[in-house]
Amino acid sequence: MNRKSVLILLLFVLFIIEGTIIPWLIPYSWQTRLFPHLVFVVIMYFSIFENRYTGLVLGIIFGLLHDIVFYGAIIGSYSFAMGFTGYLVGVPSRSRPMPLPMVLIVIILGSLLLDSTLFGIYSLFELTHQPYSWAFVNHIIPNLFVQFVFALAIYVPLRRQLEIITKRRSPEQKS
């Protein structure tokens with residue numbers, strides 16, 4: 001089986017884990033505040049180490065899955081936010097490889113951009129009436145922490161696999 005197919009299968013497994021096992025692991029008092037986006041962290045890795053267009057497509061596909069399965073208030077909000085952020089995260093890595101601290105900073109900024117974009121969309125359509133400062137402290141910061149820890153935990157194995165995929169392709173296929 002192709003390595004890229006295995007990594008996309010990993011995204012589906014993480015999507016299922018995000019909806020089934022993660023809610024059991026989160027304490028009851030935090031279940032309305034903490035929504036970690038583990039799939040999105042892996043999509044950002046795809047965008048950084050492989051191709052920003054891959055991050056865009058995977059962000060749109062898995063964002064649409066999030067919209068349909070978890071958050072049905074507006075179809076397309078997660079799809080837009082994940083695709084847009086997945087594309088933007090891949091832009092700085094186009095020029096040269098990034099070291100671990102820079103990758104983690106980009107992932108934190110990408111997670112912040114995703115949650116802020118979703119807050120903006122929900123505010124625009126009046127699905128939330130809380131101020132941004134409240135959402136930042138109660139939702140965005142806890143999500144950033146969980147996503148940072150997850151990104152740090154999967155950095156080495158995922159980077160190795162993505163570098164193997166990237167090296168196997170020819171230079172004209174990479175762009």
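Trainee: Which side chain makes a polar contact with the side chain of Arg52?
Mentor: Good place to start, and keep in mind that this is a predicted model. A polar contact asks for a pair of N or O atoms within 3.5 Å. The pair here is 3.3 Å apart, which meets that cut-off, and the partner of Arg52 is the side chain of Tyr87.

Trainee: Is Arg52 buried or exposed?
Mentor: Arg52 belongs to helix 4, which covers residues 52-69. Apart from residues up to four places away in sequence, Arg52 touches Ser47, Gly86, Tyr87, Gly90, Val91 and Arg94. Its relative accessible area is 14%. Since buried means under 20%, Arg52 counts as buried.

Trainee: How far apart in space are Arg52 and Ile22, C-alpha to C-alpha?
Mentor: Along the sequence, 30 residues separate Arg52 from Ile22. In space, their C-alpha atoms are separated by 28 Å.

Trainee: Tyr53 is in helix 4 too. What is the relative accessible area of Tyr53?
Mentor: Buried ends at 20% and exposed starts over 50%, with partly exposed in between. Tyr53 falls in that middle class, so it is called partly exposed, and its relative accessible area is 38%.

Trainee: How far apart in space are Tyr53 and Leu162, C-alpha to C-alpha?
Mentor: In sequence, Tyr53 and Leu162 are 109 residues apart. Their C-alpha distance in space is 15 Å.

Trainee: Let's step back to the whole chain. How many helices does the secondary structure of the chain come to?
Mentor: From the N terminus on, the elements run α-α-α-α-α-α-α-α. There are zero strands, and the helix count is eight.

Trainee: What radius of gyration does the chain have?
Mentor: The globule rule gives 16 Å for 175 residues. The chain comes close to that, so it is as compact as a globular protein of that length. The C-alpha atoms fill a box of roughly 50 × 30 × 30 Å along the principal axes, and the radius of gyration is 16 Å.

Trainee: What percentage of the contacts with a separation of 6 or more comes from residues 24 or more positions apart?
Mentor: A contact here means heavy atoms within 4.5 Å. Among contacts in the chain with a separation of 6 or more, the share from residues 24 or more positions apart is 75%.

Trainee: And what percentage of the accessible surface belongs to carbon and sulfur atoms?
Mentor: While 44% of the 175 residues count as buried, the accessible surface comes to about 9500 Å². The part of that surface belonging to carbon and sulfur atoms is 70%.

Trainee: How far apart are the mean positions of the positive and negative charges?
Mentor: The chain has 12 positive and 7 negative charges.

Trainee: Now for helix 6. Which residues does Ser111 touch, not counting residues up to four places away in sequence?
Mentor: Ser111 sits in helix 6, residues 100-124. With a relative accessible area of 1%, Ser111 is buried. The residues that Ser111 touches are Phe40, Met44, Leu144 and Gln147.

Trainee: Which residues does Gly110 touch on the same terms?
Mentor: Gly110 is found in helix 6 and counts as buried at 4% relative accessibility. The contacts of Gly110 are Phe40, Met44, Thr85 and Val89.

Trainee: Where in the chain is Leu14 found?
Mentor: Leu14 is buried, with a relative accessible area of 9%. Leaving aside neighbours within four places, Leu14 is in contact with Leu38, Val39, Val42 and Phe150. Leu14 itself is found in helix 1.

Key:
Residues are numbered from 1 along each chain as its sequence is written. This is a predicted model: local features need pLDDT of at least 70, side-chain atom pairs count only at pLDDT 80 or more; totals for chains, interfaces and linings use all residues. Side-chain values use heavy atoms; hydrogens and water are left out. Helices (H or I, at least four residues) and strands (E, at least two) are DSSP runs, numbered from the N terminus. The radius of gyration is taken over C-alpha atoms; the globule rule is 2.2 Å times the number of residues to the power 0.38. Buried means under 20% relative accessible area, exposed over 50%, partly exposed in between (1.4 Å probe, protein chains only). Accessible areas come from the Shrake-Rupley method with a 1.4 Å probe; for residues, only the protein chains shown count as cover. Lys and Arg count as positive and Asp and Glu as negative; His and the chain ends are not counted. The place of a charge is taken as NZ of Lys, CZ of Arg, CG of Asp or CD of Glu. A polar contact is a pair of N or O atoms within 3.5 Å; within protein, one must be able to donate a hydrogen and the other to accept it, and residues adjacent in sequence count only if both atoms are side-chain atoms.
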